[in-house]
Amino acid sequence: MAKLLLCAAGIAATFTILLIAAAADDAALLKQAQEIFQPLPKDVATEEFPITRERVELGRSLFFDPRLTIDSNMSCSSCHQPAFYGTDALPKPMGVKQRPHPRHVPTNLNAGTSFVIHWRGDRTNLEDQVFQALTSPITSGQPDEKSVGAYERTLVTPSPFDAYLAGNQPALPQAARAGLEKFINTGRVACHSGVGIGGGMYQKFGVVEDYWKATGSDPIDKGRFDVTKDPDDLYVFRVASLRNVAMTPPYFHDGSVATLPEAVKVMARVQLGVTLNDADTRDIVAFLESLTGELPANFATAPVLPSGAAK
């Protein structure tokens with residue numbers, strides 16, 4: 001009997017030691033994550049582009065109003081649909097007059113956290129992007145781009161990962177924490193860090209090997225080179241934010257990869273020279289799924305628009 005008691009005590013002591021070690025590991029991972037990432041703010045207003053209730057309400061109406069385009073049949077929300085977390089779920093969108101766009105629609109959710117807009121950085125901020133779109137020859141007017149920009153600056157989606165960064169460790173399931181650790185240790189945070197988990201820099205797509213060999217892309221996009229004509233910008237794109245990435249397939253600048261697990265494997269291969277097995281991929285996908293936030297109420301449903309022609 002005494003031997004059994006001693007054995008049980010030994011097992012309990014070992015279990016306690018393991019729990020303490022696991023708690024220490026979890027605390028270290030949280031601390032590391034807090035040094036690499038930042039939680040979302042309540043909005044992305046700036047001194048230059050402040051937010052007021054009136055401006056946001058006007059911007060929301062303009063965002064959903066199709067009467068701004070020449071045929072009155074497309075709005076900003078045609079490509080940035082709430083149902084698809086601010087994208088259109090297509091590899092490449094169709095614009096007015098059925099004109100094809102050359103690149104995949106990036107989500108407008110949390111877009112204000114990125115340092116430039118669009119894949120090639122040819123729009124400096126949300127307001128510039130709206131201005132360029134609304135003053136093109138295919139629109140019917142020049143509404144205040146600052147209103148639409150102000151509205152989009154409210155479209156932030158705090159996620160379980162933000163709760164985790166605030167110190168709530170159980171907000172992140174164990175598989176997601178394992179994926180976070182692998183995400184960090186495989187070097188992905190060299191590009192995907194900060195408040196947007198990306199969106200903070202330019203990077204060549206295909207550091208280790210040509211990206212189109214892994215994605216099957218056709219045609220091959222030269223990226224920022226077509227904007228700057230600088231040879232150093234060949235195949236360079238803005239690093240995508242990974243917030244809500246599980247909800248915004250297909251992936252990459254041309255929508256060439258259909259699923260998130262495949263996109264994770266492609267990025268490991270062409271950027272880092274790493275071949276991920278299925279288990280590691282599942283864990284990293286679990287972490288990426290923790291970046292999905294709830295749709296903002298003022299985006300989840302369209303507003304009732306005023307009657308009459310767009311002004």
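Predicted model: local features only at pLDDT ≥ 70, side-chain atom pairs only at ≥ 80, totals over all residues.
D230 is partly exposed, with a relative accessible area of 31%.

Now the chain as a whole. There are 12 helices and 2 strands. In sequence order the pattern is α-α-α-α-α-α-α-β-α-α-β-α-α-α. The chain has 311 residues, and 45% of them count as buried. If you take contacts between residues at least 6 apart in sequence, 69% of those join residues at least 24 apart. The accessible surface comes to about 15,400 Å², and carbon and sulfur atoms account for 59% of that.

Next, helix α10, residues 260–272. This helix has 13 residues, and from first C-alpha to last it reaches 17 Å, close to the 18 Å expected at 1.5 Å a residue. At its start, a side-chain oxygen of T259 comes to within 3.4 Å of the backbone nitrogen of E262. Just after the helix, G273 has a positive phi of about 70°. Which residues of α10 are buried? They are L260, A263, V264, V266, A268, V270 and Q271. As for what covers them, the list includes β1, residues 202–204, along with α8 and α11.

That brings us to α11. The N-terminal end is capped by N277, with a side-chain oxygen 3.1 Å from the backbone nitrogen of A279. The buried residues of this helix are T281, D283, I284, V285, A286, F287 and L288. They pack against α6, which is residues 160–165, and against α7 and α10.

One of those buried residues, F287, takes us to the aromatic rings. How many aromatic pairs does the structure hold? It holds 16. I will show two of them. The rings of F183 and F287 have centres 5.1 Å apart and planes at 55°, so this pair is tilted. F183 belongs to helix α7, residues 174–185, and F287 to helix α11, residues 278–289, so the pair ties together parts that are 104 residues apart in sequence. Are these two buried or exposed? F183 is buried, at 1% relative accessible area, and F287 is buried too, at 0%.

The second pair is Y211 with F237. Their ring centres are 6.4 Å apart and the planes stand at 85°; that is over 60 degrees, so the pair is edge-to-face. This pair also links distant parts of the chain, with Y211 in helix α8, residues 211–215, and F237 in strand β2, residues 236–238, 26 residues apart. Both Y211 and F237 are buried. They also belong to one aromatic cluster, which is made of F205, Y211, W212, Y235, F237 and F252.

Now a charged side chain. E127 lies in helix α4, residues 126–134. Is E127 buried or exposed? Its relative accessible area is 4%, so E127 counts as buried. Its side chain makes a polar contact with the side chain of R153, at 2.8 Å. Leaving aside neighbours within four places in sequence, E127 is in contact with F49, E145, K146, G149, A150 and R153. So R153 turns up in that contact list as well as in the polar contact, and the relative accessible area of E127 is 4%.

Last, the cysteines. A search of the whole structure finds 0 disulfides. C79, for one, is in no disulfide, and the nearest cysteine sulfur, that of C76, is 8.9 Å away. The cut-off for a disulfide is 2.5 Å between the sulfur atoms. C79 is buried, with a relative accessible area of 13%. C191 is buried as well, at 17%.

To go back over the points to look at on the screen: the tilted pair of F183 and F287, the edge-to-face pair of Y211 and F237, and the contact between the side chains of E127 and R153. For the helices, look at T259 at the start of α10 and N277 at the N-terminal end of α11.

Methods
Residues numbered from 1 in each chain as written. Heavy atoms only, no water. Phe/Tyr/Trp six-rings, centres within 6.5 Å; stacked < 30°, edge-to-face > 60°. Helix = DSSP H or I, 4+ residues; strand = E, 2+ residues; numbered from the N terminus. Buried < 20%, exposed > 50% of the residue type's maximum accessible area, 1.4 Å probe, protein only. Polar contact = N/O pair within 3.5 Å; in protein donor to acceptor, adjacent residues only side chain to side chain. Contact = heavy atoms within 4.5 Å. Areas by Shrake-Rupley, 256 points an atom, 1.4 Å probe, with all protein chains shown as cover. Expected span 1.5 Å × (residues − 1).
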